[in-house]
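Hi,

Here is the structure I promised to pass along. Please open it next to this email, and then read on for what turned up.

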Amino acid sequence: MLIRRPGDIAPSEITAQSVYQDRRRLMLQAGAAAAAMGLAGWTNRQAFAQTTTGDKLVATRNPQFVVMDKLTPVKDVTTYNNFYEFGTDKGDPADNAGRFKTKPWTVAIEGEVKKPMTIGLDDLRKMAPMEERVYRLRCVEGWSMVIPWVGFSLSELIKRVEPTGNAKFVEFVTATQPETMPGLRSRVLEWPYVEALRMDEAMHPLALLTFGVYGETLPNQNGAPVRIVAPWKYGFKSGKSLVKIRFVEKQPVTSWIKAASSEYGFYANVNPDVPHPRWSQATERRIGEDGLFSPKRKTLPFNGYADQVASLYAGMDLKKNY
């Protein structure tokens, strides 16, 4: 049980109550013909979404990790998703994730650590005080959101398992449930989905072990019941529905590197000066705010977090290490 402390700010206070409590499960998104860069299928479709779960997470809002951008509406955050285990269309996760089983849930901590463990979700949530943080999310496809996540720094977990000197990288493995994840039948990626961070990246305070969004536990389509959020990197770096966290010496071969290493690099830091082979990364479309025909906004280096994280890459060629 999470106990509210004096001075805590309720997550619902960061946006309009009418938006925060929106529990409609049927939404019709109308508009013009969908554009490229991940917008195909966003308009003119119905989405049956688990927009909220009803399970509240009491968290203290941490002003150190709050951007002042306008929040993306919860109905967009929960119906416009990339989670290929449930399908490749943006609406597929909301449509198909309802049967995904998140109880009971454990996460195995393995590899180069002094204290390996398999920990249940409730105990994992109690490992550190919950914080609410408002982060920008930038997708490699050229769209973005601003999302109020709930969790605590991944470093809290890392410190408790005591990595050995051989631990250079942290690998994140997503669940595979063939009976509830229809996308696993596709060959778009090799399953299970694997992502990773370098150890100093994983230890950075911005890297968030995430349990909720908009003050409630994560909907299935958003990576329930626990995921990673690394806001200075493209969204595919943030593994969802985690079942294993491995500490390893060699740089892991992650899922998108296996699929297309020339297009998706290991670091995947948001960089407007390094285009994707098939499109520019200099600009982006803010979902729920920018119209299809509005001028695109400029993408910020490291997604606007350069002051906090640029030192991690001092001396590196960020075009070569894309």
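This is a predicted model: local features need pLDDT of at least 70, side-chain atom pairs count only at pLDDT 80 or more; totals for chains, interfaces and linings use all residues.

**Aromatic pairs**

Searching the whole structure turns up 13 aromatic pairs. One of them joins Phe-100 and Trp-105: the ring centres are 5.8 Å apart and the planes meet at 65°, so this pair is edge-to-face. Both Phe-100 and Trp-105 are buried.

Another pair has a different geometry. Between the rings of Phe-302 and Tyr-313 the centres are 5.6 Å apart, and with the planes at 15° the pair counts as stacked, because planes under 30 degrees apart are classed that way. This pair links distant parts of the chain, 11 residues apart. Phe-302 lies in the loop between β15 (297–298) and α8 (306–309), whereas Tyr-313 lies in the segment after α8.

**Charges over rings**

Two lysines are worth a look here. Lys-90 places its charged end over the ring of Tyr-80, 5.8 Å from the ring centre. The charged end of Lys-240 sits over the ring of Phe-83, with 5.4 Å to the centre.

**The nonpolar core**

In soluble globular proteins, nonpolar side chains tend to be buried together. In this model, the largest nonpolar core has 87 residues. Which residues have the most contacts inside it? They are Trp-232 and Phe-247. Strand β7 (residues 143–153) gives the most to this core, contributing 7 residues.

**Helix α5**

Helix α5 covers residues 154–161, and its buried residues are Leu-154, Ser-155, Leu-157, Ile-158 and Val-161. Looking down the axis of α5, these buried residues fall within an arc of 155°, so they line one face of the helix. Just after α5 comes Glu-162, which takes a positive phi of about 55°.

Happy browsing, and do write back with any questions.

Best wishes

Definitions and conventions:
Residues are numbered from 1 along each chain as its sequence is written. Side-chain values use heavy atoms; hydrogens and water are left out. Rings of Phe, Tyr and Trp (its six-membered ring) pair if their centres lie within 6.5 Å; planes under 30 degrees apart count as stacked, over 60 as edge-to-face and the rest as tilted. Buried means under 20% relative accessible area, exposed over 50%, partly exposed in between (1.4 Å probe, protein chains only). Helices (H or I, at least four residues) and strands (E, at least two) are DSSP runs, numbered from the N terminus. A charge sits over a ring if NZ of Lys or CZ of Arg is within 6 Å of the ring centre and within 35 degrees of the ring normal. A nonpolar core is a set of buried Ala, Val, Leu, Ile, Met, Phe, Trp, Tyr and Cys residues joined through side-chain atoms within 4.5 Å. The arc is that of the directions from the helix axis to the C-beta atoms.
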